[in-house]
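Biologist: Could you walk me through this one, a step at a time? I have the sequence and the picture open.

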Amino acid sequence: MPSGLAPDQRVRIDEKILGSGTGPRFVTLLLLLLTASGAMILEVFKVLADGDAMGCALAAGVDPGDGGFWNANLSIAGQGFAFRSCISTWAPAPPWWQLACWPLLMLITSGVLFNVIPRWRSRRSRVVPLESVDPNGSLSARINELCATAGVTPLPRVVVDPAASSVGAVVFGRTRRPVICLHGGLLAIRRSEPKRFQAVLLHEFAHIANRDITLTYVTVVLWRAFLALVLLPYALCLGYVLHGMVTSGGAPQLDRATAVAIVMVPLLYLSRSDILRSREIYADRAALRWGADPHSWTVTTTPPQSTVGSIVDRFLELWRTHPRWGLRHGALTDPAPLFRTAALPLFLFGTVPVLSVTRTLLQIAPYRTNFTYNLIVLLGIVPCALAAGVLTVALWRAVVYALLTDSRVPSGAWAGGWLGAGMSIGLVLSGWGTGTSWIPERPLVLLIPVMTGAAFGWWVTQSARLWIGASRSRTLRPALALCTAVSSLAMGAWLHWWMQAGVMNLNGGRQSAQDVARSILQWLPSSARTGDLSRVPGIAALFPQLDNIGGTPLCALVITLLWVVPALAWARGSPAADPGRELTRASLAEEPTAPLRKVLRSGLICGVLSCISVVGVQAYVHFGQPVPEARGGFYALRYTMLLLLAVCVPAALAAALASTVDRRYPLVGGLIAGQTAALLGLAAMSVFVSLDGCITPLDVLSDSCAWRPAWWRPLFPFTYLVNNALVLSALASMVTALVAGALRRHRTTDMSDVVRPDPSDRRARTRLRVIGLLCVTVVAATATEGVFRMYQVGLTTNANASQRISVQRWGFPDSSAPESTRLRQVRAWYRLGGDDFIDSALRYDRQLTAALRSALEDEDRWGSMYRELPSICDDWETAAYFELIWFRMPADTRLQTDWRQMVVWADLGSRRCAQARDTRDNKMLLEALRNLRAGARCAASVNARIDKLSRDGGYRGTSLPAATGPAVICDHSGKDPTPANTFRPRLW
């Protein structure tokens with residue numbers, strides 16, 4: 001960094017450089033208020049509705065005492081249709097307009113308070129006009145002079161509060177119509193301490209000039225409206241629930257919704273205090289620039305005498321809306337507090353994406369059953385952009401401050417780690433991926449967002465350092481906007497992967513090797529025996545993770561942008577010395593970076609190695625090429641994994657070499673080289689797969705020569721390979737950067753061939769254009785793939801498809817609930833709807849018996865029976881779907897098998913009944929009637945079993961009397977009942 005700058009020059013820093021970040025913080029506060037109010041009011045409405053959501057969960061087979069994630073979620077996800085039907089009947093959501101109008105009511109109330117509070121504070125019974133205490137006009141003249149010094153026009157309205165003895169003032173109202181209220185104590189010292197009087201007024205004028213008034217009062221009125229319209233009703237509702245628990249003899253329990261509310265309230269308060277506290281320091285520094293005496297901020301305070309006292313004092317300061325005097329006085333000479341990346345605010349902002357998305361999903365879930373991929377992405381756009389924007393702006397400001405003051409540039413990993421820690425805590429609070437338990441089945445999963453956040457912050461800092469050094473304009477805002485946009489997109493893609501797949505599969509995945517093998521055969525079908533895929537080492541642990549990465553639409557685009565953005569800055573290089581540049585801008589130009597060609601050289605060399613590896617894989621797999629019908633299964637899987645290794649291993653080697661080129665940029669250097677090598681390998685793979693069949697020694701999937709684009713080929717997962725290759729290469733770059741960072745103290749970077757590029761060099765401009773064109777091409781290709789994939793997934797992912805996939809992939813959990821809970825589950829299943837289905841099956845049997853008796857009395861017995869068949873067949877066909885439209889029988893094994901067998905007999909009998917009706921086949925009709933009668937006996941067996949369990953448990957029995965004897969023996973033989981052991985109508 002250039003030396004020779006005087007100390008006083010290095011510290012003269014505009015505290016508003018790159019913006020203060022107050023706007024995103026305020027929008028985040030507003031987002032938290034709206035999502036928290038909607039979620040908390042929804043809980044109030046649920047209590048008022050007195051629904052039975054727990055009964056529906058019990059009927060689905062959920063064990064309330066099991067705090068794990070998988071059992072409860074699989075029980076509900078595999079029976080989503082029945083669960084939604086049960087909830088809509090027994091725990092209906094309030095009308096949508098009630099839930100939508102409550103945040104709107106809070107905003108309207110805030111608007112009313114925003115207009116009423118200034119009028120109330122400036123009422124004549126409390127304050128008096130300035131003219132009443134300034135008969136000669138000297139005070140007004142002094143205020144006008146200070147107003148002109150601050151550049152505030154027009155002159156705000158000034159009033160006096162004679163009863164206030166404090167030596168201060170306050171400004172309220174709105175930015176365009178401010179009101180300054182001078183306290184009586186301030187007027188008392190106007191002549192004895194004129195400098196202090198001047199400093200106080202300039203501070204208040206600074207609030208007006210900085211447009212703090214509207215922001216401050218909007219923050220205040222939003223908080224007060226939240227307290228009155230949301231927190232108060234929620235507290236009353238919570239007290240009502242707790243009172244009911246205590247009076248009924250139960251123990252109060254902290255459920256998830258209450259815990260989220262308890263945490264979100266202080267979260268909102270801390271966010272509000274942080275916004276207000278930071279604006280005070282900005283106003284102090286503005287007042288200092290206008291001539292305020294810095295000694296006016298000197299206040300004698302007694303510091304804490306112990307470490308505990310110091311910690312308590314710092315903790316209490318977080319809740320104050322004004323910073324302590326010592327901090328304010330220190331910030332006058334050094335604005336470091338305004339550029340410091342404080343841990344707690346970043347931690348709080350980290351909770352925003354997870355909590356806001358999950359709370360919003362909770363609010364709209366009762367009104368929308370199909371959650372497409374695009375809907376979840378849409379919900380995450382604003383919170384992810386806010387969280388990423390706050391971190392990006394904070395780190396850019398920290399880098400600028402460090403470069404201007406010649407201090408150590410922060411790595412950004414610590415700040416990003418705190419943001420990731422907030423996401424982990426938000427995950428625990430929301431229950432997403434943890435079930436009803438407060439700790440995930442695998443607690444180490446919570447470290448993944450922390451590590452991801454640390455890597456993200458590291459990337460932001462290195463990108464900022466490159467762009468600051470390469471900037472040739474007088475503002476850094478365009479580069480900051482570009483970096484913020486990429487950060488927001490990366491945050492959104494990460495959050496979606498984490499919430500949709502990452503946390504669920506990393507948190508104690510249930511998929512067995514056999515399940516994974518079946519899904520692979522569905523994905524890569526083969527007509528030949530391919531061996532037991534379940535015996536492939538690590539298939540159950542590795543393949544689901546690769547499958548999730550391959551199915552995330554935007555990951556290829558995000559990874560590409562993460563290396564393209566710093567690569568463009570690196571290609572521009574540090575500008576040559578320009579005497580016309582401002583001092584503060586010139587001081588941002590560090591020592592020049594190492595040439596980009598040294599980074600690209602590693603990527604190109606390893607990219608060639610990757611191309612050679614792809615050729616080797618083609619030749620190796622060709623030797624074991626089976627017949628065309630058998631080129632799926634293990635053959636296609638082995639081919640895919642070998643190609644993935646052929647691309648990723650050279651990319652990791654390129655990242656390891658490039659991460660040592662410049663010790664300041666190990667991460668972005670490794671990303672650029674690793675992704676360059678990976679893209680070259682993927683390009684070679686695409687060419688060889690598209691021309692597969694044209695080069696005989698390299699044929700793998702085809703035997704004839706033709707152009708078949710790799711991205712449209714069957715049995716070749718192109719998107720899967722591209723996404724995984726780029727993501728794994730990026731992970732390898734991060735690991736190698738960490739290793740290089742640990743070893744860099746033992747090695748110095750060779751800067752002998754580093755020169756500042758000359759802007760007039762034609763060759764340099766040509767290289768920059770070529771690199772820019774290649775980057776644009778890669779971004780366009782990955783963006784096209786991501787948009788197309790989003791279109792596909794957005795159309796196919798919905799609740800019904802998810803239910804089918806859940807059952808096929810995961811099945812249903814085994815019940816390990818205690819006997820009392822099993823009885824509650826059976827009772828809930830029967831009470832909330834199961835009784836209607838049992839009664840329907842037995843009623844169908846009574847109708848069948850009546851039809852048979854009527855036919856016996858008719859001369860044309862068969863004709864009479866065929867006339868009754870349509871309604872009989874239709875009724876029993878409905879019974880065949882009872883296990884789909886209602887919950888499967890929970891808990892009791894005998895009940896489960898009997899109810900399942902009833903559905904089997906109903907399905908078989910109704911199909912045979914319809915076929916006999918169409919063909920007039922009397923023999924088939926008799927078989928159908930025997931099947932239906934067997935189904936009725938299974939239903940009677942279920943009714944009798946539930947009646948016995950209920951009476952043994954001290955409950956009332958079933959609504960229908962329990963049958964006894966042979967009528968309740970359910971046939972599980974799987975064979976058609978014979979005339980000897982079933983009802984035999986005498987129709988002949």
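**A strand and a pocket**

Modeller: Happy to! Keep in mind that this is a predicted model. Let's start where Pro129 stands opposite Val159 in strand 2.

Biologist: How do strand 1 and strand 2 run, parallel or antiparallel?

Modeller: Pro129 faces Val159 of strand 2, and Pro129 falls within strand 1, residues 128-129. Two bridges join these strands, and their direction is antiparallel.

Biologist: Which residue in strand 4 is the bridge partner of Asp161?

Modeller: Strand 2 covers residues 157-161, so Asp161 sits at its end. Five bridges link strand 2 to strand 4 (residues 178-183), and this pair runs parallel. In strand 4, the partner of Asp161 is His183.

Biologist: How many of the five residues of strand 2 are buried?

Modeller: Here, a residue counts as buried when its relative accessible area is under 20%. By that cut-off strand 2 is mostly covered, and the buried count is four.

Biologist: Now the second largest pocket: which helix gives the largest share of its lining?

Modeller: The pocket holds about 1,000 Å³ of space and is lined by 32 residues. The largest share is seven residues, and it comes from helix 18.

Biologist: How many charged residues does that lining have?

Modeller: Nearest the pocket's centre are Thr452, Trp494, Ile559, Val727 and Leu731. By class, the lining has 28 nonpolar and four polar residues, and the number of charged ones is none.

Key. Residues are numbered from 1 along each chain as its sequence is written. This is a predicted model: local features need pLDDT of at least 70, side-chain atom pairs count only at pLDDT 80 or more; totals for chains, interfaces and linings use all residues. Side-chain values use heavy atoms; hydrogens and water are left out. Buried means under 20% relative accessible area, exposed over 50%, partly exposed in between (1.4 Å probe, protein chains only). Two strands pair if DSSP finds at least two bridges between them. On a 1 Å grid over the protein atoms alone, a cavity is a set of points where a 1.4 Å probe fits but cannot get out, and a pocket is an open set with protein on both sides within 12 Å along at least five of seven lines; lining residues have an atom within 4 Å of a point. Grid points are joined across faces, edges and corners, and a volume is the space filled by probe spheres set on the points. Ala, Val, Leu, Ile, Met, Phe, Trp, Tyr, Cys and Pro count as nonpolar, Asp, Glu, Lys and Arg as charged, and the others, Gly among them, as polar.
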